[in-house]
Amino acid sequence: MLLARVRRAAQSFSAKEVTFMVHLFTTISRGGDVRDLRSRPEFVNLYRKVTMMKKRVDSGGYAAKPRKSRKRQ
């Protein structure tokens with residue numbers, strides 16, 4: 001179930017957004033300045049998606065369902 005959610009999330013990002021995230025994380029990990037990245041259109045789209053995901057999480061839309069335990073034989 002969780003894997004299906006991860007797949008849906010991964011499929012919701014465009015190739016440009018993924019490239020932007022890689023660049024962003026690389027810049028951060030190297031101690032670079034990310035202020036110039038905010039002006040890129042990919043940032044706006046990515047920010048919008050992340051805020052929508054946060055709203056869904058906060059409202060319980062992505063709440064994990066309890067797993068059924070399997071009986072050992």
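A salt bridge is a side-chain nitrogen of Lys or Arg within 4 Å of a carboxyl oxygen of Asp or Glu. The model is predicted, so local features need pLDDT of at least 70 and side-chain atom pairs count only at pLDDT 80 or more, whereas totals for chains, interfaces and linings use all residues. Residues are numbered from 1 along each chain as its sequence is written, and side-chain values use heavy atoms, with hydrogens and water left out.

**Exercise 1.** Determine which residue pairs with Arg 35 in a salt bridge, and state the accessibility of both partners.

*Solution.* The partner of Arg 35 is Asp 33, with the closest N and O atoms 3.0 Å apart. Arg 35 is exposed at 56% relative accessible area, while Asp 33, at 45%, is partly exposed; here buried means under 20%, exposed over 50%, and partly exposed in between (1.4 Å probe, protein chains only).

**Exercise 2.** Find which parts of the chain the salt bridge of Glu 17 and Lys 49 ties together.

*Solution.* The two side chains meet at 2.9 Å, N to O. Glu 17 lies in helix α2 and Lys 49 in helix α3, so the pair ties together parts that are 32 residues apart in sequence; helices are DSSP runs (H or I, at least four residues), numbered from the N terminus. Glu 17 is buried at 3%, whereas Lys 49 is partly exposed at 28%.

Definitions and conventions
Helices (H or I, at least four residues) and strands (E, at least two) are DSSP runs, numbered from the N terminus.
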